Amino acid sequence: MAKYNGSVELISGITPANGQDFPLVAAHAVQVDDDGTRLDEALKNVSTDTKTPEDQGLGLAWLGWSNNIERGNGIENDAIMFSKHDIVGMQRLNLYSLADSRPRFTENTVKILKRAKELNPKLRTFEYLQSESGRTDFTYNGDHAHLNSDGSWEGSTADLSGCTRIYTYQQICDWLDYFKESGTDGVFFDDWGYDFAKEDICYQMGLSLNDYADKNAALNQKWIMLIEACHDRGLFLITNGDMPFSVGDWYTYLDENDIICLESCLISSVNYKDDFTWQAGQKKVYDYYANWYSNGKCKAKLWTLNYFPGDAEDYKEIILTYLCAMTLACGGGYVSMGTFKCIEKPAFVDLFSKGNQKTIKKIDDNIYQLKVNTHTLEVHQWKSLSGQVSKETASKNYYILDGKVFNNGFLTAPVVEQELSKRIDNVSERLDTVSDDNRKNAISYWRMSIDDWNASLTFSDYTNLIPVDPEIHNISGGTISIENNSDGTLDIVCTYKELSQGGIYLNVIRPSNYEELRQTGEGLEFGFSDVIFDMTEGSWTLPNGTVYEAKWLWSTPSFYIYTDIIPLDEAGVTDYKIDGIGSELGMATGHYKKSDKKIYTSYNIRVWFHAPDGQYFNGTVRFKNAYLIDLGEHSDEISKKWYTNIFPTNFNNSSAMTAKMTPSSKNGWKTYDFLVSHTNAWGWTKYKYTGDEVIALRGHTIELGCTLMEFSNGETGMGSSSNGWVNYAFGIGVNTDNPNTVRLYANTQDKSEVWDGEKICCLKYTIPNDATSLVIGFQSYGFATTVTVSLKDVYMYDLGEEVSIRGKDSTNASLRLCRINEEQEELTPSKMRNALYITEKGGMYCYDLKGVKVDIAGSIYIGAAKAGYTGSPEEFGNALYQLIQKIDL
């Protein structure tokens, strides 16, 4: 007994008073459910559930239809290879024999399997067994192959047609007993569903024809019998016949040890020689996971059984990466590649092997996303993946693991060298050097790229602001000046005449000239390559290269060069140390200081020194190759003044709502006017983005807006108690099919970044990096069908959109230059996309991003025709030739 202290209602309606005696009950004496589970058992399970991560792994399957699995590397090495698999399938039986034939494995096969299981106790073996009740590819006197009505073989159409053996239920059980007796763990039922008539099934399984209404009823019973026959013997089973769930409830009898095999799921073959073909089986894998496995309707795991070209050894890692990644991301449990083929898992698979949280999303038919705990894998199948398997087509698939792009999971630093013809031409050879934008972006909204053929920029490519309009501030005994060098650079020279201390400076930017310099706001960089002290004998001096020498500010002795700057509408900032070494734009060993991204109304370059007591400076201090540059000069100066309107002009998902669009413009930029009406109070019209489009916008900040949004009934679109909470969405939906993650109302007013701070109906929103679906459009939530919505100057701009001019990083629009020999090109056309071709004879043409040839001369003729030229192309060419031949040109 113990004193009760609490407020628990122990019996319905009765709560004991505190301080009363209360009997203690041992946990093992308390039953918690109808199955007799004790409380101590339940608590133990709870503890286990919270500590042990769920198995989310992908298993490897090996398949070889033989009784000999030797790979020729010796028993130990073969065993090691097989131990890396999770299931190993073999075939002992002869397709024409019964179990009493007792076929055996080779001696070395037995040894290899025994050792492989010692290395991997979880390894399971299975054997082949056909399950069909009839065959239409074998016939006798016009009838297909099947057993006699009593289940006998002799004299049946199966026997007389020369068909492979059709086993009765008892003969199948004989095989199962033999498999179990000889140490096999499971059975692979081939031709699961190769059944053509109710009669065939009943003859095979010993069932009464009158007990089953149709073929499906009999087939469902057959499959249940086979499943239970395996389970009764402790065998797992694999069904190979797609996913015929419409037949009946047979699949509910499968357990977590069983497997459903999808043969030729991602790569198929008929002759197993030269017809290996890409298949879109990932749709089935995902459908099974989403609609059958994840909700517990069927407990069996899925196996994608794929074939492999024998001549693909040089790119097998790329194919295996694809098979593993796609199977894993779609929810499959096992994967194989070809027959008699030992495979290994790419390293990334193990990241998803354990975890208490798992989500799988289908972005579209080609893109799937898997999340387990903190790791995310996205699989991007090339949209045009079809036809014959090849290295070229395999390399166009790619994957994003926690933000890093790769297409070969077996490389230690996966090489990001996929063609991605509409995305990234060549990102990097190492994942850790890929820029953030390229990691999250498959398609950027680049409009223009002007490449000046320079691999990178230096400070000399920028306008040096120091000599533009400097104000020089000297003192007695100390002067500061600018000296130009022969290579176009300049030095800042400080000259001292027996001066013990003092400060001199250049006032480069000041309130009277800062507007004329037209700063971009991207910040300024001041730098120089070296400091040279050239002092007379007896003068105090310092080692060359000294930038800062002081115990504290204004200490004796001291020397330093520093900056004094004032941002627009802000307090001034003094930085006493130029501590940057090796600027990307300056000399590798030079010194530099970058400012914040602001506009500056004052920028002073100051030099201070204080010689030791009784000493002085007498000579010069030279700051070599000095510069002050605007870091935004060659970046995106045009992009802030020119955006592409990416608001969709048509909607691909509509119901009882129409949006009539009229092209318009605002300040010369393209916009759209809309008149939206609906015939159902819950109608919608919206644009659902494709997977590639979603990924293109991840991490991008967009501005959505219009200059006017007006409801014909005078409301704003916002729900309230006065209107019965009916509302109207014009906005964007992320990871939902409704455009209401962010939305605009008629009374929304905000400052537009696009329209220079103008207050209009607009919003800014950053598309999340984990976005898997995206919609934009209109949706009514109860609004009367008499209400229409008028919108003026609708736009959506990507605020990160850029025109890159002489940018340091290459863009998606970089144009390749190809110098070719015309004759050789005719023999072996290269047809490089997005490339300008110049021949040795002076000809010029190009291929666009889609691989279409565009003739330069033809373009010139088209331009001339638009300008009024009426002659033929031949006449135009002749006139142009004559013009070129003129002596005075």
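Colleague: Where does proline 557 lie?
Modeller: This is a predicted model, in which local features need pLDDT of at least 70, side-chain atom pairs count only at pLDDT 80 or more, and totals for chains, interfaces and linings use all residues. Strands (E, at least two residues) and helices (H or I, at least four) are DSSP runs numbered from the N terminus. On that numbering, proline 557 sits in the loop between strand E29 (548–549) and strand E30 (558–567).

Colleague: What is omega for the peptide bond joining threonine 556 and proline 557?
Modeller: Proline 557 belongs to the loop between E29 and E30. The bond from threonine 556 to proline 557 is cis, with omega about 0°.

Colleague: Is asparagine 240 buried or exposed?
Modeller: Asparagine 240 is part of strand E10 (residues 236–240). The cut-offs are under 20% relative accessible area for buried, over 50% for exposed and partly exposed in between (1.4 Å probe, protein chains only). Asparagine 240 has 6% relative accessibility, so it counts as buried.

Colleague: Which side chain makes a polar contact with the side chain of asparagine 240?
Modeller: Leaving aside neighbours within four places in sequence, asparagine 240 is in contact (heavy atoms within 4.5 Å) with residues including Phe188, Trp192 and Cys261. A polar contact is an N or O pair within 3.5 Å; within protein, one atom must be able to donate a hydrogen and the other to accept it, and residues adjacent in sequence count only if both atoms are side-chain atoms. For asparagine 240, the pair comes at 2.9 Å, and the partner is glutamate 263.

Colleague: And aspartate 487: what is the distance of its polar contact with the side chain of threonine 489?
Modeller: Aspartate 487 is in the loop between strand E24 (478–484) and strand E25 (490–499). Its relative accessibility is 55%, so aspartate 487 counts as exposed. Its side chain reaches the side chain of threonine 489 at 2.6 Å.

Colleague: How far apart are the C-alpha atoms of aspartate 487 and asparagine 625?
Modeller: Along the chain, aspartate 487 and asparagine 625 are 138 residues apart. Their C-alpha atoms, though, are separated by 9.8 Å.

Colleague: What is phi of aspartate 756?
Modeller: Aspartate 756 is in the loop between strand E45 (750–751) and strand E46 (759–766). With 76% relative accessibility, it counts as exposed. Aspartate 756 isn't a glycine, yet phi is positive, near 55°.

Conventions:
Residues are numbered from 1 along each chain as its sequence is written. Side-chain values use heavy atoms; hydrogens and water are left out.
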